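Please look over the sequence and the coordinates together before reading on.

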Amino acid sequence: MQERNMKRISDLMLVSVALIWGMGFPMTQMAIDAHISSGLMVALRFSLAAAVMGVAFHKQLRTITPRDALLGILAGCMLGVAFLLQIMGQGGTTPSNTAFLSSLNVIIVPFLGWALFRQRPTGKTLLVAFGCLVGAAVLTLSPEEGLRFSTGDLLVLACAVAFSLHIAYLGRIAGLIEVQKLTFLQMATAAVLGIVYTLLFEREALPLADLRAGFLPVAYLGLFSSAYGFFAQTFAQKHTPPARAAIILGCEGVLGSTFSVLMGYEPLTVNLVAGGAIIFLSLLAMEVSPGALLRRRAPASPEA
């Protein structure tokens, strides 16, 4: 019973994270519009998150071991690279495309399990993958130019692969390190990665950043999307399998697109509705068992 309750709590935490991350796409666009570069945005949001986590869990962090540090730094490198790719990609496409294409990490996770751990995907997983590919094609279809993936779309697809590696990796190490330590180490490592990237490749963009206009979105991304979001994700994955966690978090695509349209960042187009619906329904099919649905609809047999 206790384990069942923990699974429900974990699922609810993941749902809250999906909501927060969905709003994160228009917030990221606000920061981009304030000319905050990808490396600087990663550096600021994760530095803020690491500072909050450091204050909140300073007692637990005193006992970090070399093994803890290695596990956390690897997770942080994956996370930092994924967000650098996502932010750079969103600068060349729309928030909705970024949200939906990022959510494709859900279908990549089972294939990573096949490649890394020899866990072959089921036939349903292959059908879902095909549905997601169709949805991505519809999402990027232009009546004038046909199927066209922009550079931004391709970068976001690369970020989906990086997020898949991160989710699969967390699923493997979730029981090997305390949640507080892992979350802090991820945040701190991603922050350092963002700082290094900014100093190496984006130094000329620093004077252009409007930190006053970008303060609120960066604060949201740091406090809610990062500090709370990744703590909740890491905690929940102790009780939720990686594939199920990816499914729930994949809802951020629909939520991100909805928030983006409501906030006026882009119009509601046929491509957006059709492509997004195909991707969302395909992802939903990962968790739906036709046999279970038939059993639910069948009337209960009378007892003898």
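Two residues are in contact when they have heavy atoms within 4.5 Å of each other. On that criterion, among the contacts in the chain with a separation of 6 or more, 89% are between residues 24 or more positions apart. The model is a predicted one, in which local features need pLDDT of at least 70 and side-chain atom pairs count only at pLDDT 80 or more, while totals for chains, interfaces and linings use all residues. Residues are numbered from 1 along each chain as its sequence is written, and side-chain values use heavy atoms, with hydrogens and water left out.

Of its 304 residues, 49% count as buried, where buried means under 20% relative accessible area, exposed means over 50%, and partly exposed covers what lies in between, with a 1.4 Å probe and protein chains only. The accessible surface of the chain comes to about 14,900 Å², and carbon and sulfur atoms account for 68% of this surface; such areas come from the Shrake-Rupley method with a 1.4 Å probe, and for residues only the protein chains shown count as cover.

The helix pairs can be described by their axes, which are lines fitted to C-alpha atoms over the stretch in contact, with angles from 0 to 180 degrees between N-to-C directions. Helix 7 (residues 123–139) and helix 13 (residues 270–285) have axes that come within 8 Å and cross at roughly 165°. That makes helix 7 roughly antiparallel to helix 13, since angles over 145 degrees count as roughly antiparallel, those under 35 as roughly parallel, those from 65 to 115 as roughly perpendicular and the rest as oblique. The crossing of helix 7 with helix 13 is left-handed, a term for a near helix turned anticlockwise from the far one by less than a right angle, with right-handed used if it is turned clockwise. The residues that meet include Gly131, Cys132, Gly135 and Ala136 in helix 7 and Gly275, Gly276, Ile278 and Ile279 in helix 13. By class, the residues of the contact of helix 7 with helix 13 divide into 12 nonpolar, 6 polar and 1 charged, where Ala, Val, Leu, Ile, Met, Phe, Trp, Tyr, Cys and Pro count as nonpolar, Asp, Glu, Lys and Arg as charged, and the others, Gly among them, as polar.

Two residues show this pairing in detail. Ala136, in helix 7, counts as buried because its relative accessibility is 4%. Beyond the residues up to four places away in sequence, Ala136 touches Leu101, Leu104, Phe149 and Ile279, and its C-alpha atom is separated by 6.2 Å from that of Gly275, 139 residues apart along the chain. Ile279, in helix 13, is likewise buried, at 1% relative accessibility. Apart from neighbours within four places in sequence, Ile279 is in contact with Phe100, Ser103, Leu104, Cys132, Gly135, Ala136 and Leu139.

Helix 9 takes part in two further pairings. Helix 4 (residues 66–90) and helix 9 (residues 179–201) pack at an angle of about 50°, with their axes 7 Å apart, and they are therefore oblique to each other. Helix 4 passes helix 9 in a right-handed crossing, and the residues of this contact divide into 15 nonpolar, 5 polar and 2 charged. The axes of helix 9 and helix 10 (residues 211–236) come within 9 Å and cross at roughly 135°, which makes helix 9 oblique to helix 10. Among the residues making the contact are Leu182, Gln186 and Met187 of helix 9 and Phe230, Phe231 and Phe235 of helix 10; by class, the contact has 7 nonpolar, 5 polar and no charged residues.

Two loop residues complete the account. Thr93, in the loop between helix 4 and helix 5 (95–102), is buried, with a relative accessible area of 17%, and touches Thr98, Ser150, Gly152, Asp153 and Val156, not counting residues up to four places away in sequence. His35 lies in the loop between helix 1 (2–33) and helix 2 (38–56) and counts as exposed at 52% relative accessibility. Phi of His35 is near 65°, a positive value in a residue other than glycine. Most residues other than glycine have a negative phi.

Technical notes:
Helices (H or I, at least four residues) and strands (E, at least two) are DSSP runs, numbered from the N terminus.
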